[in-house]
Structure formats: structure tokens, C-alpha cells
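Dear colleague,

Please find the structure below, handed over for your review.

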Amino acid sequence: MANIQEMEALVKQVRRDILRQVHKVNSGHPGGSLGCAEFFVALYQEIMERKDGFDMNGKEEDLFFLSNGHISPVFYSVLARSGYFPVEELNTFRLLDSRLQGHPTTHEGLPGIRIASGSLGQGISVAIGAAEAKKLNKDTHTVYALCGDGELQEGQNWEAIMYAAGNKVDNLIVSIDLNGQQIDGSTDNVLPMGNIKAKFEAFGWEVVSIAKGNDIQSILDGMATAKSKSGNGKPVCVLLHTVMGNGVDFMMHTHAWHGKAPNDEQLVEGLAQNAETLGDY
């Protein structure tokens, strides 16, 4: 387990990894990836109970499913720096025949990847199935999932959310990345979703809000609260309030960097704002 200072240092290195991955191939999604760096670091360094190595059955450990798979740069960086595969492999991001595709896929056998997520809106459904499997197997570990706020505009999510509550899938914690941005603009301008907290509560979920979704300690405290509410007959939703592009000032608070790579000058500027702490790949 890492302490706060170690995790904050890792976050800076992860930001560098994100920028460099996307810049090299002039393709990818840096904004949402940067916004979730603290969450992924906290999840894999402290929150989840993980076995050594990786196998797809996931027995006797916590599981994580990424629904908004376009933020793969942060996922790949944290997986690599958590020991799932060599950090040097980040250099192959989005290249032909690479295991690190733009959206994570399973057929390449990349350790840490449990579902393909090229189509958004499916992660909660898959996580529910895994959580029910754990119950059937008398496995008391927790299933975690992350999806974007824009994803909640898709109907399959709400069918799954209704199902999870109706079937008391209470070993499930779903975090929603609430950055208020999606590819075509703000979520309020594209398709307003109203009070998301009230919606989840109306569907029978426990809801925990993390107002500072880019602060490690706030994430640890909020996820601990979420875990304390699990096992009581209701699934748990965590509303993770993040800033798109966090840590790189010119990428923050705008949808413009949802799926846009920095040029050479912008890469230098972004890297200058995030010191190399653990060594670049």
C-alpha cells in the first residue's frame, strides 16, 4: 500500500504517461484520462484488494470494469505502473498489432483488462454480472466500475441500474466521472440529465458524493464510505466530481481535449507542469 505522497508522485508520472502516449500517435483521449488519474491511482494502489499476477476468473479479489474505455491512456498507465505489464509497453499505444488499443480489448490478452469497451454504456451491466457471480461463488469481494457522465444518456445504463437495485446487487460500487463534458460540448448542452443523485436514489441505490474528485485523500475517504454502505441490500453509486484535463492548465474545464492530441509545443508545456517522478518509459 502506498502513502498519500507516493500516490501523488505517481499521479504526476501518470499524467506524463498520458500526454506522451497520445502525443506520439496524434490520437487518443487525454482530457478524461487526466481527470481520472487520481481515482485510478487510489483505486489500484490502495482501495482494491488485488492478487499477485492476473487471471480472468478474478476469484478472491476485487474486480474493476472500465466502461468509458476511451480513457484508456490513464488505465494503461496505472496498470503498467501497478505491475500488470512492462511500463515500456506504453510506447506501443494505439499502434498496429499493439495490445494497447485505443479502447481496451480482451483478445490481445493484456493483463488487467477484463472487458472490451469500444461501445459505451455497457460497463455497469457487465459489472453487475460479475458481482452476481461473486455472490454465487460465495466470494465476498467487491466489484468496482467506472463510467462517464455522458454515458448515462444511454438507456442500457438505466435498465442495469434498475436491475441492480431490484436484485439487491449490494457488492457493487459504480463510480460516475462527473466532469460535465463530452465530445460535443458540456453534458448539459448535449442532453441534460438533471439531478443524477436523485435519479440513482429513486432507482434504489445508495449514493456517495466526492466533491473533490481530483484529491487523493478525498477519494480514499469517499470510497471508504461507499464500501461501508455496501452489503446492506443496495448497490452503491459514487458521484466523482472531477475536472477534465486536470493537471494541465490549458486542457482543464473544456471539452476541446476530450479526443485531441497535444502538438509538440503543447506536449512540452504539459510535461513542464508535471515533474518526472518515477521515470518516463
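I begin with V14, which lies in helix 1; helices (H or I, at least four residues) and strands (E, at least two) are DSSP runs, numbered from the N terminus. The model is predicted, so that local features need pLDDT of at least 70 and side-chain atom pairs count only at pLDDT 80 or more, while totals for chains, interfaces and linings use all residues. Residues are numbered from 1 along each chain as its sequence is written, and side-chain values use heavy atoms, with hydrogens and water left out.

V14 has 0% relative accessibility and therefore counts as buried (buried means under 20% relative accessible area, exposed over 50%, partly exposed in between, with a 1.4 Å probe and protein chains only). Not counting residues up to four places away in sequence, V14 touches A37, V41, V74, S77 and V78, where contact means heavy atoms within 4.5 Å. G213 is 199 residues from V14 along the chain, and their C-alpha atoms are separated by 16 Å.

H29 counts as buried because its relative accessibility is 15%. Leaving aside neighbours within four places in sequence, H29 is in contact with V22, H70, P73, R94, H258 and G259.

Helix 9 (residues 216-229) has 14 residues, which at 1.5 Å a residue should span 20 Å; its end C-alpha atoms are 20 Å apart, so the two values agree. The expected span is 1.5 Å times one less than the number of residues. Within helix 9, I216, I219, L220, G222, M223 and A226 are buried. Their cover includes helix 1 (4-25), helix 3 (37-47), strand 2 (143-148), strand 3 (172-178), strand 6 (206-210) and strand 7 (236-241). After helix 9 comes G231, with a positive phi near 80 degrees.

Turning to the whole protein chain, its secondary structure comes to 10 helices and 7 strands. Its radius of gyration is 18 Å, close to the 19 Å that the globule rule gives for 281 residues, so the chain is as compact as a globular protein of that length. That radius is taken over C-alpha atoms, and the rule is 2.2 Å times the number of residues to the power 0.38. The C-alpha trace spans about 50 × 45 × 35 Å along its principal axes. Of the 281 residues, 55% are buried.

Yours sincerely
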